[in-house]
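Subject: Structure handover

Hello,

The structure is below, followed by notes on what was found in it. Please read the notes with the coordinates open.

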Amino acid sequence: MKHYLLLLLVIPAFLLTGCSRTETTPLPLQKGVSIELNNLRKATISEPVYKLYFNIPEQKTDPIAGNLTLSFNLKNKKYPVILDFQNSKQFIHQVIANGKISHYDFKNEHVIIPVNELNKGTNIIKIDFTAGDLSLNRNDDFLYTLFVPDRASTAFPCFDQPDLKANFDLSLNIPKDWVAVANGAQISEQEQKNSTLLKFAETKPLPTYLFAFVAGKFHVVSRTIDGRKLTFYYRETDTAKVSRNLDAIFNLEANAIQWMEKYTGIPYPFGKFAFVAIPAFQYGGMEHPGAILLRADRIFLDKSATQIQKLYRATVISHETAHMWFGDLVTMKWFNDVWLKEVFANFFAAKIANPHFPKMNHQLSFLVDHFPPAYLIDRSTGANPIQQKLDNLKMAGTLYGNIIYHKAPIIMKMLENIVGEKQFQEGLRTYLSKYSYSNASWDDLINILDKKTSLDLANWSKVWVKEPGMPDYQTSMDGNKLIIHQTNAQKTGMIWPQYLDVLYFNNGKENYSKILADKATDTLSLPANSKVLLLDGEGNGYGYFKLNQYQKSFLLSRELFTLQPLQRAIAYMNIWENMQQQNLVPSELSEAFYLFLQNEKDELNVNLLLDYYRTLFWRFSDVKSRLALENKFEPLLWEKMQKAPDASMKSAYYHAWLSTALGKNAIHKMVSLWKGTLKIKGLPLSETDMTTLSYQLAVRVNSKTAKEIPADILQQQLKRITNPDRKAEMAFVMPALSSDSAVRDNFFNQLKKPEMREHEPWVNTTLSYLNHPLRAKSSEKYITPALELLPEIQRTGDIFFPKSWLDASLSGYNSMSAANLIRDFLSKSPDLNPKLRQKVLQSADPVFRSAAILYGKTKVK
């Protein structure tokens, strides 16, 4: 009994409930940071400062020794001080509390300093430890930290919660031929016998998830732009590629800083500015102040890069820079509001990046960037609200996803339109000024903005931010009155208030009429003989808009091209969503898409259509209809690629052609391109393009293609690669492409080991090929074990990995047998964490939906 009592702490009930009660209640000390532990520490601890030292050896398998001196103020001595450390007790070597050896306890990954060793007021805790490797991302000749959302405590003992911001004083001892970068500026360098000791300036207040350092073999280049020094660290070995991209990268960074300073009225708040290109980085970027991390292949672009890829680069650089104000300067109080920092970063990234592309239709770009991925989640039974509940930070990573990154910007745009652009800016300036270097919640912001509009923003927020799903709309005509019926898939009776710009024809002319749809049934008077074409014709409305027969006839015909590009994009999305809801069938879309691709000229719309076509081809077609599609579309895509006016459009058609080419003639072209005997005029294929081409050929090897495709194509391609990081990636991926199922089976089983999943983008690539539609029958056996691994994936992987693991594992399936395997797993896993169950339902929705559509079943859940 005594052993179990050690797991309990006495915590005052009023700290947990907000009441004024004085009695106490026992609290089980869980793994992770519970909301109760978070609140207790916030109420009793202040002004933490971390003085950290790490000794980084050259060999990545050797342990990293660390030393921590932590100072903080303690309001009272009623309760033990609890530090988080997600390792075993053996990683703690010594603890000294206020000058004396501590008799600390270690339970459930927490270091517990007893009351009798603490002071009211200033405390100094010193700890010698071995750093855990989980979030140090150690490679042969470099490493980087990635501590979001609660992973700082995997490396060192700390108060691992966002609302205990701290100053960090860092020293690193690194191998002699390495360099390092951290949040603070480097202020000293001392040569040792076989190493170099670096000291960095103390930081401004930061949450633990933003503390960061990178060390290893990197090229370093600095430039001063408008009086500000910017420093860039990278490992790319292709000097021509570096030279081709460097100016754009620096200019985009400098512009983003200037734009944010002007909009917010607050100078860049963190002193020095540096950024690092990381090979195979898990995310597009990470907003560590003073040490922003960016995924290398997203910023070092090939000659064949599309305009959309260039826009993405500008957007991700701007996104991470915007975080310096939204997320870093002002941080959420608790990770249930993690969406808030992400939505502002996305929202402002578009405003910053768009002027770099003056020829692009940015209203259209916003539409195609955000609406399809948001609908992908909101149409599923696993839909989650923008702001989600969170009881423990160990599950914070599950909050990330399309709703945060894509639906939230749509809703924020709605909010800006409601409040007004100038008033919105003024409100945000107040918000940043009031909470600088501190923490704030969504409700804190709403309270500021609510004073600037007559609309009840709290009620608006309750529906759009705090509830899942989206409205469904159907229309009917009563004489000259348009009747708009609003429901939702959850049948809750909830109403989603929003303005809709109704596009209708009258006397052959386009007209718009705005209506606030805020009731179950709304009525809009139109001129006599009007025909409603799009219930929302400006791309501001969000929901499922069911098409009637007139709308189908118009939108699926050549008449669609009498509309402008924005309205055509809205039509494409409506058509796609109506197929998802079984109001259209795939054959209707395949006929329409052929017509659309013949005639569409706008690059953003072409890319949207090509994305839809790829999904239609692989997900919503059986083997027979897939071959018929390939026979029809392959010549069209090849012709459009050849005739495209520029490399950007050529690249878009090329990648769609490559991913869907199956026939004998297409395979011959693919092999000839790889061998170099066939060239695409105006579209040079890079080393990365050639590697992808070899992958696509390898997955197509069968008895009919074996004579055409070189048996050793992967080995040959591996020899062509000169960059060591890309070479290592291909070597990792190759077993997943083997034509021998025993090799693939063995490789999948190897992925069950955590050390095999260290490079998560590599793992996602391998899973997509292991589960490729061409191998679906033989690979269905991977579905159940991949799902069973999900809790471990969440525990050991980074924030996006559980969802990307699921997406890649289920990407190749549209059969009822695959759908049933997923349902069986869910029915046999009643104890699966609800947030992980939600992720499964989101990733499985395309499997359920395509199986239902293809095989005549109405059940999509």
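A cavity here is a set of points on a 1 Å grid over the protein atoms alone where a 1.4 Å probe fits but cannot get out. By this rule there are eight cavities of 30 Å³ or more. Please keep in mind that the model is predicted.

Cavities

The largest cavity has a volume of about 90 Å³. Its lining consists of L37, L40, R41, T44, I45, L74, N76, K78, Y79, P80, V81 and I82. Two elements, α3 (35-44) and β5 (81-84), each give two or more residues to this lining. The most comes from α3, which gives four residues. By class, the lining of the largest cavity has eight nonpolar, two polar and two charged residues.

Helix α17 (residues 603-618) has contacts with α15 and with α19.

The axes of α15 (residues 565-580) and α17 come within 10 Å of each other and cross at roughly 15 degrees. Angles under 35 degrees count as roughly parallel, and α15 and α17 are therefore roughly parallel to each other. Their crossing is left-handed. On the α15 side the contact is made by P565, R568, A569, Y572, M573, W576 and M579, and on the α17 side by N605, L608, L609, Y612, T615 and L616. These residues divide into 10 nonpolar, two polar and one charged.

For α17 and α19 (residues 647-660), the axes also come within 10 Å, and the crossing angle is roughly 0 degrees. That makes α17 roughly parallel to α19. Here α17 contributes E603, V606, N607, L610, Y613, R614, F617 and W618, while α19 contributes S648, M649, A652, Y653, H655, A656, S659 and T660. The contact of α17 with α19 has nine nonpolar, five polar and two charged residues.

Backbone

Two backbone details are listed here for checking. The peptide bond that joins V148 and P149 is cis, with omega about 0 degrees. P149 is in the loop between β11 (142-144) and α4 (152-155). Phi of N137 is near 45 degrees, a positive value in a residue other than glycine.

Regards

Key: Residues are numbered from 1 along each chain as its sequence is written. This is a predicted model: local features need pLDDT of at least 70, side-chain atom pairs count only at pLDDT 80 or more; totals for chains, interfaces and linings use all residues. Side-chain values use heavy atoms; hydrogens and water are left out. Axes are lines fitted to C-alpha atoms, for helices over the stretch in contact, and angles run from 0 to 180 degrees between N-to-C directions. Angles under 35 degrees count as roughly parallel, over 145 as roughly antiparallel, 65 to 115 as roughly perpendicular and the rest as oblique. A crossing is left-handed if the near helix is turned anticlockwise from the far one by less than a right angle, and right-handed if clockwise. Contact means heavy atoms within 4.5 Å. Ala, Val, Leu, Ile, Met, Phe, Trp, Tyr, Cys and Pro count as nonpolar, Asp, Glu, Lys and Arg as charged, and the others, Gly among them, as polar. On a 1 Å grid over the protein atoms alone, a cavity is a set of points where a 1.4 Å probe fits but cannot get out, and a pocket is an open set with protein on both sides within 12 Å along at least five of seven lines; lining residues have an atom within 4 Å of a point. Grid points are joined across faces, edges and corners, and a volume is the space filled by probe spheres set on the points.
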